Amino acid sequence: MKTTRAHAVTGQLVVTCAAAIAVVPLLGVLIMALREPDTRDSTIRLSDSFHFSNFGAVWGLADLGAALASSFTVSITATLLTVLLSVPAGYALAHFRFPLRNTLFVLLLAGLMLPNESLIIPLYFDFRAVGLADNLLGVILVETALGLAFGTFWMRSFFREASPEIVDAGRMDGANSFVILVRLLLPTAVPQLLALVVLTFVWSWNDLLVPLVMLSGGRQFTAPMALAAFQGQYATDYAYLAAAAILTALPVVVVYLVLQRSFAQGITSGATKG
Amino acid sequence: MTSSLIAGSRPVPRSEAGPDARGQRRRTALVGIGYLAPALLFYAVFLLVPFFHSVYLSFCSWDGISPKRWVGLDNYRSIMGSAQYRDAFAHSFVLIGFYTILTMAVALVLVGFLGSTKVRGMVLLRAALFLPYVITPVVTGVAWRWLLAPDGPVNAVLRAVGLDGWARAWLGDFDWSLPSVGLIGTWMLLGLALVLLIAGVQRIPPDLYEAARLDGAGPVREFLAVTLPGVRSEVAVVTVLTVTAALRNFDLIYVTTQGGPGSSTEVPSFLVYQQAFFVGDLGLASAMGVLLTLLILVLTMLTLRPWRKG
């Protein structure tokens with residue numbers, strides 16, 4: 001009995017320490033962001049006054065308002081499009097029989113492994129040719145395509161596990177496949193849909209390479225792009241950098257914390273099924 | 001799929017399914033294809049076509065302006081023949097050592113300590129553990145560039161405990177820049193690995209641990225005989241996620257070192273961008289991207305195969 005209690009205490013301690021390792025550097029950034037700006041001194045110490053004005057200053061200096069607006073436009077639209085396209089696709093792969101079904105599924109699954117690096121060159125030149133370069137729409141389209149592989153795979157596994165009685169009951173009542181999907185299946189898919197929403201939002205928000213190349217003309221930029229550029233200009237102004245970093249990460253952190261159960265479920269079960 | 005193909009191509013006995021039933025089945029198939037088509041079209045236009053276009057470009061010499069010239073395997077030969085590019089791939093494997101092997105080793109040891117015990121406040125702890133994985137990599141890079149700065153907090157801590165000799169410009173040091181980037185990766189992925197492994201451990205029936213204890217197994221034997229086999233599929237998943245992260249770390253390199261100092265942290269993912277959009281050697285950059293894809297594909301397949309069959 002004694003050993004099991006010792007075991008439990010060690011276990012608790014171990015996980016708590018790991019969580020602290022994850023959080024402490026981030027708390028450091030938070031403290032740094034409130035220090036007096038422009039000191040070129042990167043040591044960390046709690047100053048006697050908190051400089052909340054740093055946030056206002058970097059908002060203007062890094063043009064973060066415009067950057068965050070672009071990032072929200074890209075991430076929200078790409079997330080909606082991903083859900084809108086992968087729900088019917090997962091439904092088709094789970095509930096319908098048609099030629100080449102498994103081949104198409106494997107093809108979509110391969111998309112999980114394609115790195116952006118292998119797409120970006122043709123995308124840039126082809127998008128420029130059709131006027132989608134330096135255009136948020138171009139970024140939205142690519143981010144959606146990148147989310148589709150996971151989305152389709154994720155919704156397919158939900159629809160495969162959804163109880164067949166629901167579908168059968170719907171068919172008995174003479175409901176067509178669309179009514180069965182929207183009225184009967186989707187209301188039971190809310191946790192899966194939320195997981196898909198939070199994962200796609202986080203992935204599309206965090207991506208740097210695609211917007212960096214697609215928006216290289218400089219007219220528009222996302223928040224991670226703005227932060228990277230800001231670091232280029234204010235390389236050692238750590239209080240400003242920390243403030244800009246916090247503003248860039250805040251939306252994903254908030255979305256993640258609000259939907260954290262769904263996120264954990266998505267990563268854990270999604271990963272294990274893959 | 002095979003059964004539906006056969007059913008569609010072979011005449012079905014009339015008693016089982018008349019022309020009506022066959023028409024019905026065909027209609028259902030068409031509806032299914034209709035549901036799949038929009039996603040498939042999107043996926044093909046924005047992912048598959050660019051990828052194959054990239055493969056085509058990798059066999060060409062092209063600067064983005066003058067006409068493309070077919071050069072066969074020349075780009076691949078230049079990559080293999082250049083010490084700088086070979087080093088970039090070698091750096092990727094060093095990073096896999098940190099992102100995957102070190103992360104996995106630490107996470108497994110922690111899980112070994114944890115065993116089958118339930119952790120209190122797991123929802124809160126899990127939220128914290130995932131945070132480094134969720135946070136924008138550009139933000140992570142900016143944060144660690146400060147933390148590892150010559151007079152930054154990490155060096156301050158080292159000096160405070162009397163390890164003055166260890167303090168250095170971590171990301172600006174020829175020997176330490178690559179391991180430093182690697183350790184940032186370990187920090188990003190450790191929580192993710194731990195949460196996934198804990199989820200696996202908690203699916204192991206507690207009787208197995210009791211049985212091991214009754215057999216007089218010590219903590220090490222218990223770990224090797226019960227815990228490790230129980231989390232095999234989680235280990236595979238964490239391996240795939242972390243290897244992919246190690247190979248696709250453009251964001252982190254871009255904001256921390258830009259490949260430097262010298263070429264000490266150059267990796268394929270960063271060289272694709274640099275060669276394409278600064279040097280303008282699009283054929284070589286495409287070949288680098290294709291090799292990166294192959295590497296991810298091969299390593300993923302190698303990792304996932306054993307437990308898929310089992």
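This note sets out numbered points on the predicted model shown above.

1. Conventions. The model is predicted, and local features need pLDDT of at least 70, side-chain atom pairs count only at pLDDT 80 or more, and totals for chains, interfaces and linings use all residues. Residues are numbered from 1 along each chain as its sequence is written, while chains are lettered from A and ligands numbered from 1 in the order in which they are written.

2. Make-up of chain A. Chain A contains 13 helices and zero strands (DSSP runs, numbered from the N terminus: helices are H or I with at least four residues, strands E with at least two). The C-alpha atoms of this chain fill a box of roughly 70 × 70 × 30 Å along the principal axes. Of its 274 residues, 47% are buried (20 or more other C-beta atoms within 10 Å of the residue's own, with C-beta atoms placed from the backbone; 12 or fewer is exposed, and in between is partly exposed).

3. A helix pair in chain A. Helices H11 (residues 223-233) and H12 (residues 238-258) of chain A pack at about 170°, with axes 9 Å apart. Axes are lines fitted to C-alpha atoms, for helices over the stretch in contact, and angles run from 0 to 180 degrees between N-to-C directions. H11(A) and H12(A) are therefore roughly antiparallel (over 145 degrees; under 35 is roughly parallel, 65 to 115 roughly perpendicular and the rest oblique). Among the residues that meet are A:Leu227 and A:Phe230 in H11(A), and A:Leu241 and A:Ala244 in H12(A). By class, this contact has seven nonpolar, two polar and no charged residues (Ala, Val, Leu, Ile, Met, Phe, Trp, Tyr, Cys and Pro are nonpolar; Asp, Glu, Lys and Arg charged; the others, Gly among them, polar).

4. The two chains together. In chain A, 80 residues are in contact with 84 residues of chain B (C-beta atoms, placed from the backbone, within 7 Å). Helix H1 (residues 2-33) of chain A supplies the largest share of the chain A side, 17 residues. That side divides into 55 nonpolar, 22 polar and three charged residues.

5. The largest nonpolar core. This core has 170 residues, and A:Leu227, A:Ala244 and B:Leu194 are among those touching the most other members (a core is a set of buried Ala, Val, Leu, Ile, Met, Phe, Trp, Tyr and Cys residues joined through C-beta atoms within 7 Å). Its largest share, 15 residues, comes from helix H8 (residues 177-201) of chain B. Not counting residues up to four places away in sequence, B:Leu194 touches A:Ala18, B:Ala107, B:Leu110, B:Val111 and B:Leu129.

Key
Contact = placed C-beta atoms within 7 Å.
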